[in-house]
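Open the model and keep it at hand while you read.

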Amino acid sequence: MNSQQESINSKRKILEVRNVYRTYHHEDTNIVVLEDISLDIYEGEFTSLVGPSGCGKSTFLRMIVGLDRPTRGEILYRGEEVKGVNPKTALVFQNFALIPWLTVWQNVELGLEARGMKKEERERRVRYWIDKVGLDGYENAYPRELSGGMKQRVGFARALALEPELLCMDEPFSSLDPLTSQNLREELLRLWGNKELPTLSIIMVTHSIEEAIFMSDRVVAMSTHPGRIIGEIKVNLPRPRNPRDEEFQEIVDKVYSLIV
Ligand code: ADP
Ligand code: MG
């Protein structure tokens, strides 16, 4: 077996989404938000989902982590149907979703307590991830005392402290200013590239095609009303990527031509 075959054979499927529909009931009508979504996620992959506002991206991520259920179809995690909150996943939210009356430390620790983890292990993880995301010294600060970028660092620390195999991120950079968001993107990619994350695969939802191409190995495009997958583009460019490069722009054009 050559090394290429080896790497294909060793790539294991982590998530399998099979013909998923999500319908909401509103004033006697059924609104189909997601229609016939199928997607496989493999170990080692960074996948982005791009699509316009309202196409069901957040709904889809919520189903993957087990906060919502499909109306039809199934979602399998390592072959097992996702029925409740999936402990192998963690979610980073667009608006940080921090608890205002808890400190940075307490916000990061909260999810670990909910999972019944022992105090010693909780403290080890909270300390480690607060440090890793650059929040050292801010342990006792409250969210209102932090800038947007620092708040999202707490969001990352909280998710990563759960040591998820599959990290899900819902537009994690879109409420930050351009410089802050670019710094955070690069830091996350550095941790991912150096294998410093406890995470095997990442799914990021975004409405920015450039951001998706900058970060991921694969861009899955969605259309709206109802939300459907309309195509997928692989991104084989070496990292760090430069959005001004011609090859980068060619991929941007390819994704746009899928969507339009
Ligand atoms: P996106 O994240 O792509 O902007 P969402 O997943 O948030 O899209 O929402 C997709 C559609 O589903 C929207 O039209 C929204 O109004 C609708 N929707 C989402 N959650 C609910 C809900 N709990 N009840 C009714 N409609 C919902
Ligand atoms: Mg959303």
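The report below covers the ligand site, then a cavity, then a sheet.

## The model

Please keep in mind that this is a predicted model. The distances, areas and volumes below are therefore computed from predicted coordinates.

## Around ligand 1

Let's begin with the ligand. Its shell is made up of Y24, V33, P52, S53, G54, C55, G56, K57, S58 and T59. Sorted by class, these shell residues comprise 4 nonpolar, 5 polar and 1 charged. Helix α2, which spans residues 57-65, is the top contributor to the shell, giving 3 residues.

A polar backbone atom of G54 sits 2.7 Å from an oxygen atom of ligand 1. For G56, a polar backbone atom is found 3.0 Å from a ligand oxygen atom.

## A cavity in the protein

How many cavities of 30 Å³ or more does a search of the whole structure find? The search returns 1. The volume of the largest cavity is about 70 Å³.

Which residues line the largest cavity? They are V133, R153, F156, L160, L184, E187, L188 and L191. In terms of class, the lining has 6 nonpolar and 2 charged residues, with no polar ones. Two helices, α5 (148-161) and α6 (178-193), each provide at least two lining residues. Of these, α6 has the largest share of the lining, with 4 residues.

## The open sheet

Now for the strands. Four of them form an open sheet in the order β2-β1-β4-β5, and the pairing is antiparallel. At the edges are β2 (29-42) and β5 (80-81), each of which pairs on one side only.

Inside that order, strand β1 (residues 13-26) and strand β4 (residues 72-77) run antiparallel and are joined by 5 bridges.

Definitions and conventions: Residues are numbered from 1 along each chain as its sequence is written. Chains are lettered from A and ligands numbered from 1 in the order in which they are written. This is a predicted model: local features need pLDDT of at least 70, side-chain atom pairs count only at pLDDT 80 or more; totals for chains, interfaces and linings use all residues. Side-chain values use heavy atoms; hydrogens and water are left out. A residue is near a molecule or strand if one of its heavy atoms lies within 4 Å of it. A polar contact is a pair of N or O atoms within 3.5 Å; within protein, one must be able to donate a hydrogen and the other to accept it, and residues adjacent in sequence count only if both atoms are side-chain atoms. Ala, Val, Leu, Ile, Met, Phe, Trp, Tyr, Cys and Pro count as nonpolar, Asp, Glu, Lys and Arg as charged, and the others, Gly among them, as polar. On a 1 Å grid over the protein atoms alone, a cavity is a set of points where a 1.4 Å probe fits but cannot get out, and a pocket is an open set with protein on both sides within 12 Å along at least five of seven lines; lining residues have an atom within 4 Å of a point. Grid points are joined across faces, edges and corners, and a volume is the space filled by probe spheres set on the points. Two strands pair if DSSP finds at least two bridges between them.
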